[in-house]
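Trainee: Could we go through this one together? I'd like to start with helix packing and then move on to the chains.

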Amino acid sequence: MYITLILLGVIMATIIWWLLRQTLSTQPWVSAAADDAVSGTSLDVNRKAVGLMTFLAVATSVFGLFISAYTIRMEEPDWRPLSEPTLLWANTIMLVLASIVYHWTRNAAVKGIEERIKPGLTVAGALTILFLLGQIVAWQQLSAAGFYVANNPANGFFYLLTAVHGLHMLGGLWVWARSTMKVWTGAGSDSVRLSIELCTVYWHFLLLVWIVLFGMLLST
Amino acid sequence: MAYVSIADRDHEIEHHDDPQTFVAKYVWSQDHKVIAIQYGGLAILIGLFGMVLSSMFRLQLGFPDTFDFINPENYYQFVTLHGMIMVVYLLTALFLGGFGNYLIPLQVGSRDMVFPFMNMLSVWVYALSVVILMASFFVPGGATGAGWTLYPPQAISPGTPGVDLGIVLMLVSLAVFIVAFTMGGLNYVTTVLQARCRGMTLMRMPLSVWGIFMATILGLLAFPALLVSAIMMLLDKLIGTSFFMPAMMAAGEVTEYGGGSPVLFQHLFWFFGHPEVYIVALPAFGIVSDLLSVHARKNIFGYRMMVWAILAIGGLSFIVWAHHMYVSGMNPYFGFFFATTTLIIAVPTALKVYNWVLTLWQGNIHLRVPMLFAIGFIFTFTHGGLTGLFLGNVTIDLPLSDTYFVVAHFHMVMGVSPVLVVFGAIYHWYPKMTGRMYNETLGKWHFWLTFLGTYSLYLPMHYIGFLGVPRRYFAMGNTDFMPDSAITLNTSMTISALIIAATQLIFLYNIIVSLKKGEKAGGNPWKATSLEWLTPDTPPKHGNWGHDLPVVHRWAYDYAVPGAPDDYTPQTVPADEVPVGRDHGVDH
């Protein structure tokens with residue numbers, strides 16, 4: 001459980017440190033004009049961004065716990081390491097490219113360069129879909145080679161971790177689909193800018209998660 | 001009272017046109033108050049069902065061999081579902097989904113939660129999880145009887161009740177519940193951080209909001225552990241993986257499982273399970289602080305300490321989980337570590353208890369029904385907390401493990417105590433939610449019968465635990481070490497349990513009949529200072545604040561301020577009109 005503890009320790013320490021900083025030097029029973037002027041918005045970002053950051057903390061907890069479970073289960077003598085399909089490298093490249101293109105689109109949206117948004121979104125989504133299709137092909141290759149879910153815990157974890165990551169990716173694609181539809185039906189960059197910015201963060205996060213998972217699967 | 005509009009917030013009114021149709025207003029409502037009542041109502045309903053389950057198995061324990069309709073199989077189903085329903089589907093849903101939804105926007109001066117649509121989804125997904133849970137009673141084999149901790153390998157091995165579909169539905173229901181909770185939780189956190197009214201600094205928030213806020217953070221980070229273990233156990237059950245399942249024989253046959261680690265499940269389960277205690281306790285701590293302060297007409301003693309204690313408890317709650325696992329065979333050094341952290345977490349918790357008592361000291365105490373429940377909570381929580389110190393020590397825990405002492409401990413500390421706060425809170429905010437007063441006499445009967453009833457139920461339970469009577473047994477049989485007195489005590493405890501259960505009918509009668517017959521309450525019957533009592537309408541309408549959002553000029557605890565015209569000064573009154581603070585060097 002060390003991995004989860006470290007991840008959650010960092011998250012909790014950040015939250016508590018931030019809250020302490022807000023509260024340590026206050027005397028709430030005294031009415032200060034400066035306090036009266038506080039706007040009631042603690043962070044200078046859109047509330048949807050706060051929602052997303054909170055969700056990323058939840059997702060970090062989920063993946064951290066899966067990784068902890070993986071490392072604990074790995075210690076048992078029946079563990080037979082799985083040799084991952086080479087296709088995963090290609091999939092990883094797809095996801096890296098998707099993240100880069102999403103970032104490129106985000107920059108365009110922030111700067112208001114309308115003509116880059118439509119192709120950017122389309123390519124980013126297509127690369128992500130290719131990644132997911134690639135993951136499914138990798139599953140098929142493994143089961144064709146006789147590596148079924150229930151044969152060995154290493155196999156089980158492989159299917160489980162890729163599935164959970166894929167589901168998170170699908171959730172992202174749902175939001176992507178909504179903003180892409182908007183753009184294709186002629187909406188301007190203003191109406192999709194926030195969505196693109198937040199999706200970019202989400203894509204980067206899931207890329208990071210995938211790299212950690214892939215590294216762990218490869219090295220064990 | 002000074003209400004001014006905030007230029008950068010006025011657009012929000014446009015999004016809050018009153019819904020017109022019945023369905024939009026009461027079914028697919030996006031109003032946090034309606035959602036709160038939906039959440040709370042459903043939680044209480046399922047909680048009553050959980051209470052009936054407990055009456056059933058208490059009948060078996062008090063009067064063994066008397067009732068034909070309780071056999072070992074459904075005894076275990078009742079015990080399991082009672083535990084799971086009370087912890088997750090009642091207390092978590094009621095405190096965060098119910099009170100969280102109702103109180104956060106009203107107490108921080110917001111018009112609604114920041115993501116109202118997701119809030120609506122949250123309550124309906126929660127309803128779906130309850131339906132799935134209830135469905136497990138009607139599938140072949142019935143509900144799971146694995147015990148509320150659902151430990152493998154037993155939970156999915158032949159011989160355990162509900163091993164086919166019951167356990168599957170249980171796990172699916174939990175996963176769905178976690179999705180619902182996450183959608184709600186994102187709302188609570190974001191609303192507290194980003195949607196407070198002008199002047200509402202974090203340190204001017206009532207402690208109820210602080211408790212709910214921190215509990216939500218704990219829930220968001222800890223429920224994933226339950227989700228992960230539920231998913232992995234589902235795979236073990238449905239497609240034969242061996243994440244948790246060791247090589248074993250079941251019902252005389254060798255199973256296909258092998259190599260799995262049941263202790264891994266325990267780690268994951270309690271990594272959720274212990275923060276869960278505080279997910280339930282922190283909102284109760286916050287709410288009880290507000291009840292005590294309002295009804296003792298005094299500021300809460302040590303407000304800042306109370307906030308920091310909530311933060312400390314929140315942080316520490318993640319590093320005590322393995323004190324539930326001293327007998328699992330883990331490394332003794334871990335036991336030492338977890339015993340130490342467990343004793344450390346008692347420090348901020350004890351600090352809160354002192355502060356509650358000191359809030360009462362020299363207060364102008366009004367023993368109204370919410371106050372009775374709040375004071376009752378101090379008793380039960382102190383008792384439950386003290387036995388926690390015993391069980392937190394490895395050497396004392398080992399002989400007491402799996403006895404009724406443990407059952408008595410956790411029922412006092414996280415059963416009775418939070419439930420007393422729930423009742424106190426319902427009575428306290430009932431006038432705001434409905435516009436009517438409850439019946440005071442019936443409320444007092446409800447309190448005394450519940451409070452004394454729970455003591456007569458759980459005090460003897462500690463004693464039979466000391467005697468070594470094991471929990472989870474359907475029947476004790478001829479166990480020589482148990483004196484007759486233990487058997488007799490079991491009968492008396494069952495009678496107490498049945499009286500407590502019947503007493504809740506008084507509560508239901510009171511809150512239902514008072515809806516129509518209660519006296520009109522007015523906007524602020526308790527003369528309280530926090531924002532929810534200052535709404536232009538009671539019950540508050542959709543959008544809460546009429547045209548203009550409130551502006552806050554002081555904290556929520558200005559009771560009996562020297563020099564002030566009234567013994568309470570609402571948060572919206574500027575400092576130059578009425579002095580602020582009490583005995584803190586302010587010149588009056």
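Trainee: At what angle do helix H4 and helix H5 of chain B pack, and how far apart are their axes?

Mentor: First, a caution: this is a predicted model, where local features need pLDDT of at least 70, side-chain atom pairs count only at pLDDT 80 or more, and totals for chains, interfaces and linings use all residues. Residues are numbered from 1 along each chain as its sequence is written, and chains are lettered from A and ligands numbered from 1 in the order in which they are written. Axes here are lines fitted to C-alpha atoms, for helices over the stretch in contact, with angles from 0 to 180 degrees between N-to-C directions. For H4 (residues 116-135) and H5 (residues 165-194) of chain B, that gives about 165° and 8 Å.

Trainee: Roughly parallel or roughly antiparallel, then, for H4(B) and H5(B)?

Mentor: Angles under 35 degrees count as roughly parallel, over 145 as roughly antiparallel, 65 to 115 as roughly perpendicular and the rest as oblique. The angle for this pair is about 165°, so H4(B) and H5(B) are roughly antiparallel.

Trainee: How many charged residues does the contact of H4(B) with H5(B) have?

Mentor: Two residues are in contact if their C-beta atoms, placed from the backbone, lie within 7 Å. Those involved include B:Leu121 and B:Val125 of H4(B) and B:Val172 and B:Val176 of H5(B). For the classes, Ala, Val, Leu, Ile, Met, Phe, Trp, Tyr, Cys and Pro count as nonpolar, Asp, Glu, Lys and Arg as charged, and the others, Gly among them, as polar. The contact has 17 nonpolar and six polar residues, and the charged ones come to none: no charged residues.

Trainee: On to the chain contact: which element gives the most to the side of chain A that touches chain B?

Mentor: The contact takes 45 residues from chain A and 54 from chain B. Helices H1 (2-23), H2 (33-36), H3 (47-74) and H6 (153-184) of chain A each give two or more residues to that side. Helices (H or I, at least four residues) are DSSP runs, as are strands (E, at least two), numbered from the N terminus. With 14 residues, the top contributor is H3(A).

Trainee: And how many helices does chain A have?

Mentor: Along the sequence chain A reads α-α-α-α-α-α-α. There are zero strands, and the helix count is seven.

Trainee: What ipTM does the predictor give the complex?

Mentor: The pTM is 0.95. The ipTM is 0.95.
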